[in-house]
Every structure is written in structure tokens, then in C-alpha cells.
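Let's take a look at this one together. Have the sequence and the 3D view open as you read.

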Amino acid sequence: MRFRIGVVRQLRPTSSIRVPQYTHPPWRNEALQSRPYASVSAAELQFGQPLHETHPHLLEPGELTPGITALEYAQRRSRLASKLPKNAVAILAASELKYRSGPVFYEFHQDPDFFYLTGFNEPEAVAVISKSATEDDHVFHLFVRPKDSKAEQWEGSRSGTQAAMDVFNADEAGDINKIGSALSSIVGDASDIYTDASPSTKSTSAFTRLFSSPSPSKTDGLSKLLDQATVKPLRSILNELRNIKSDAEIANMRKAGKASGRAFTQAMRQAWTTEKDLNSFLEYAFKRNGCDTSAYRPVIACGKNASQIHYVRNDDVLLDNDLVLADAGGEYGNYITDITRTWPTSGTFTVPQKDLYNAILATQRTCTSLCRANASNSLDRIHQIAEETLEDSLSQLGFDMSGNALATLFPHHLGHYIGLDVHDTPGQSRKAPLQVGQCVTVEPYATSLDLSGGGSIRLQ
């Protein structure tokens with residue numbers, strides 16, 4: 001079955017949903033096969049992630065993930081397919097569940113590229129987009145974990161192969177455990193294979209086991225296919241797509257930003273005695289204000305700790321007259337925000353602290369005003385302007401700016417792209433002029449041991 005824009009299969013927001021009863025073929029569901037149906041209450045359905053039918057307090061009708069509709073995900077896949085040569089195949093693997101020790105697992109976070117194209121938020125899955133050899137059309141294959149009542153009793157619900165088609169709009173769906181033969185048949189006649197999957201000998205996923213299995217008979221066929229085909233990286237194509245945000249993506253990021261900004265305001269109105277307490281409050285407030293979770297491990301650094309860019313121990317005391325630097329942000333619908341604020345623990349800046357703070361603030365405002373498409377500035381160019389502005393301001397404050405002083409005081413780049421990743425679209429050049437729809441950070445910084453207790457100031 002070929003997908004056509006405008007024909008999007010999705011669960012209907014009704015009191016009951018018709019669920020097909022069928023038998024599984026060897027590796028995939030036959031979407032065109034006639035099947036009898038049974039009526040099932042939406043409340044009784046169980047999936048591996050929230051849907052409008054099961055969580056109407058989280059998703060609006062038509063949304064597959066918070067803020068993003070099933071149609072938008074389909075349009076993203078169509079845009080990717082339009083950039084592939086005819087008869088080419090793109091392969092993307094979901095993230096794997098990572099374990100802290102034994103059966104104790106970390107919070108799952110989906111691979112951003114896989115999520116961007118599918119909206120599917122479970123581990124152990126593979127998406128394949130195969131473009132037609134004769135026309136500008138494509139087939140979306142989605143391999144997922146099958147429903148398993150015993151496993152779901154321990155691990156939580158799975159969406160399963162039928163939902164891969166009915167909810168996530170796959171044209172063909174299959175059991176991830178049987179992906180070997182299925183993938184071989186899909187890529188066998190492909191002219192080009194685009195993938196960034198990095199098989200690991202330590203991996204436990206069904207997809208990467210295809211490359212690392214000790215049994216040659218299980219891997220030789222696919223390995224030979226990949227050897228014979230032209231394998232190309234998918235990263236640059238996906239970066240081009242992800243770098244320009246849709247209105248819905250920007251709305252998600254604004255929601256995360258507003259909720260996170262309120263959390264910072266609430267935190268700055270209170271007195272704190274330890275980095276740990278401030279850390280805990282911000283992570284709580286992000287969720288309380290509407291975010292799903294924290295976007296990354298916060299940096300809560302008092303005094304000289306702030307001179308370490310990625311200080312995340314967050315276990316020191318907050319002393320009077322020190323500055324505290326908080327670099328944190330919330331996440332909503334997998335879209336993130338990245339905020340940094342610096343303020344005095346006492347509630348009042350000393351004169352040297354205030355002077356340095358104002359220099360950083362002026363630099364940030366100048367650079368933010370340059371983040372316009374009609375200004376034709378790149379992030380690299382705005383960084384250069386930040387260096388020039390900051391160097392001049394620090395010289396006026398009496399800093400010795402000779403030699404390599406600026407690189408010591410301002411050791412990182414002014415900004416980066418932001419979206420589904422904190423540092424979004426990895427590898428994307430910062431030399432190209434900014435475009436409408438891009439989202440970036442602006443974060444000037446300076447460190448000085450001359451401040452009370454030593455300290456650093458960054459605003460983002």
C-alpha cells in the first residue's frame with residue numbers, strides 16, 4: 001500500500017474504536033487483507049505512549065505526539081523521500097533502553113531523527129522509507145516490538161504491530177524480531193541505502209544484532225547486501241529538514257520556554273542554601289509548569305564552580321555574596337529549551353558583579369537583535385560580534401585583554417541550534433546565514449576570579 005498525503009490513518013476520537021482481529025504473516029501485516037472487526041472501548045486500549053484516545057488531557061484530536069499531528073509526521077516523511085534518489089531506501093533505528101545496572105534502567109529518550117519522522121516513542125524499533133523506482137512515491141515500513149502480555153506486565157504497554165499501521169500510519173508493519181529477512185527483501189533491489197545507524201557489538205537491539213550476531217548465517221545476507229549497495233549518510237538530509245522548524249514545533253518550544261522561564265523566576269524569588277536544593281526545585285517547577293521532564297542535566301554552580309562549563313555535581317553550598325549560575329531547561333513533546341541565568345545569592349549584586357553582569361547583558365541584547373533572517377548574519381558572524389563587543393566592554397571595566405585573554409574569559413561559542421536536541425542537527429554548519437524558522441541560542445559568558453568568591457556570568 002502506498003501512502004498518499006491527505007489519507008492519514010489515525011484513531012478517531014470516539015467512544016469506541018474498531019480493532020481488527022487477524023493472524024500474523026511471517027514478517028508483516030498484510031494491510032490490504034480483509035479482516036473482521038470487533039468493537040473495543042477506547043478506555044480499554046493500551047499503547048506504548050499517550051494518545052488522544054487514552055490521554056485526552058495531554059493530546060488534542062489529530063495529534064500523534066503533543067502539539068504535532070499525524071499529518072505533519074507524514075509530511076516530514078514525504079519531504080525526506082522527495083530528497084532521496086528513486087529506488088533508494090532510508091533506514092533509521094530507534095534508541096535502545098539503557099541500563100544503569102542489572103535490571104535498573106535509565107529514563108528512555110527516543111533518537112531525535114527517528115522521532116522526527118515517526119512520532120513513535122518506544123525502543124526496539126526500525127523505520128524504513130523506500131522510494132519508488134518509477135514514481136515520486138514511497139512506502140513507510142515500521143518494525144516494532146509485538147504485543148506480549150507477559151512482558152507488558154513488567155515493562156509497561158507496547159503499541160504493537162497493528163498500531164504501527166493504524167495509529168502511526170505505516171504502510172507495512174512487522175515484528176522487530178523478524179527484521180532480518182524483511183529488511184533483506186526491502187533493500188535487496190535498492191539503488192542507494194541511506195542510514196546513520198551505528199551497529200555495536202555491545203548492542204542488544206534486534207536491528208544491530210543483524211550485524212553483530214555470532215552466527216554468520218544470520219548476518220551474512222544483509223551484510224552482503226549492504227556491501228553491494230551504495231551506503232550513504234542520512235545526517236545531512238535530516239539536518240536540512242529538521243533545521244527549519246514548523247509552526248507546531250515552534251509552538252512546542254515556546255511552551256517549554258515559557259514554563260521553564262516561570263520556573264527560573266520562581267527560583268530567583270527565593271533564598272537557597274545549597275546547589276542541590278535549587279537543582280531539585282527547578283526540575284520540579286519545570287514539570288509543575290507544564291513540561292514533561294528536564295531537557296538535560298542542570299548546571300547549578302555557585303562561585304568558582306561556574307568556571308566549569310558543564311559542572312553538574314550540584315553538591316556545594318551557596319554562600320552569601322556569591323553568584324549562582326543556573327543552566328537548565330524543560331522539555332515538552334520532546335522539544336527542549338536551554339536557559340541560563342546568573343544572580344547573587346544575597347539578592348543584591350556587588351558593584352563589580354553588577355558591572356560584569358551589565359556587560360554580558362548588553363552583549364546578549366546586541367546579539368539577539370541580530371538574529372534575523374533579513375540581517376544575513378550567521379551564528380559564526382554573530383559570535384564574532386559578541387567577541388568584539390565583550391572585549392571592548394571588559395577593557396573598559398579594567399580587564400587585561402592582552403594576548404589570549406578573551407579565549408580564557410569567553411571559552412565557548414555564542415550559540416547553537418536548538419530543537420529536539422539541546423545542540424540540534426549535529427554537524428550543521430554555523431557559517432550559513434540564519435533563515436526564517438531556525439531556532440538558536442544566544443549565550444555570552446565571562447568568568448572572573450576577581451569577583452567575590454570567584455565566579456562567572458552567563459545569560460542565555
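Predicted model: local features only at pLDDT ≥ 70, side-chain atom pairs only at ≥ 80, totals over all residues.

Residues are numbered from 1 along each chain as its sequence is written, and side-chain values use heavy atoms, with hydrogens and water left out.

The chain's average pLDDT (the predictor's confidence in each residue, from 0 to 100) is 86, and 82% of the residues score at least 70. Residues 1-38 stay under 50, and so do residues 213-221, with a pLDDT below 50.

## Helix α10

Helices here are DSSP runs of H or I with at least four residues, strands are E runs of at least two, and both are numbered from the N terminus. Helix α10 takes in residues 275-288. Its buried residues (under 20% relative accessible area, exposed being over 50%, with a 1.4 Å probe and protein chains only) are E275, L278, N279, F281, L282, A285 and F286. Down the axis of α10 they fall within an arc of 165 degrees (taken from the directions from the helix axis to the C-beta atoms), so they line one face of the helix.

K276 and R288, on the other side of α10, are exposed. Just past the helix, G290 has a positive phi of about 125 degrees.

## A three-stranded sheet

β13, β16 and β17 form an open sheet in the order β13-β16-β17, with antiparallel pairing. β13 (293-294) and β17 (335-336) are at the edges with a single partner strand each, so one side of each has no neighbour in the sheet.

Strands count as paired if DSSP finds at least two bridges between them; β13 and β16 (residues 330-332) have 2. T293 has E331 in β16 as its bridge partner.

Technical notes. Contact = heavy atoms within 4.5 Å. Expected span 1.5 Å × (residues − 1).
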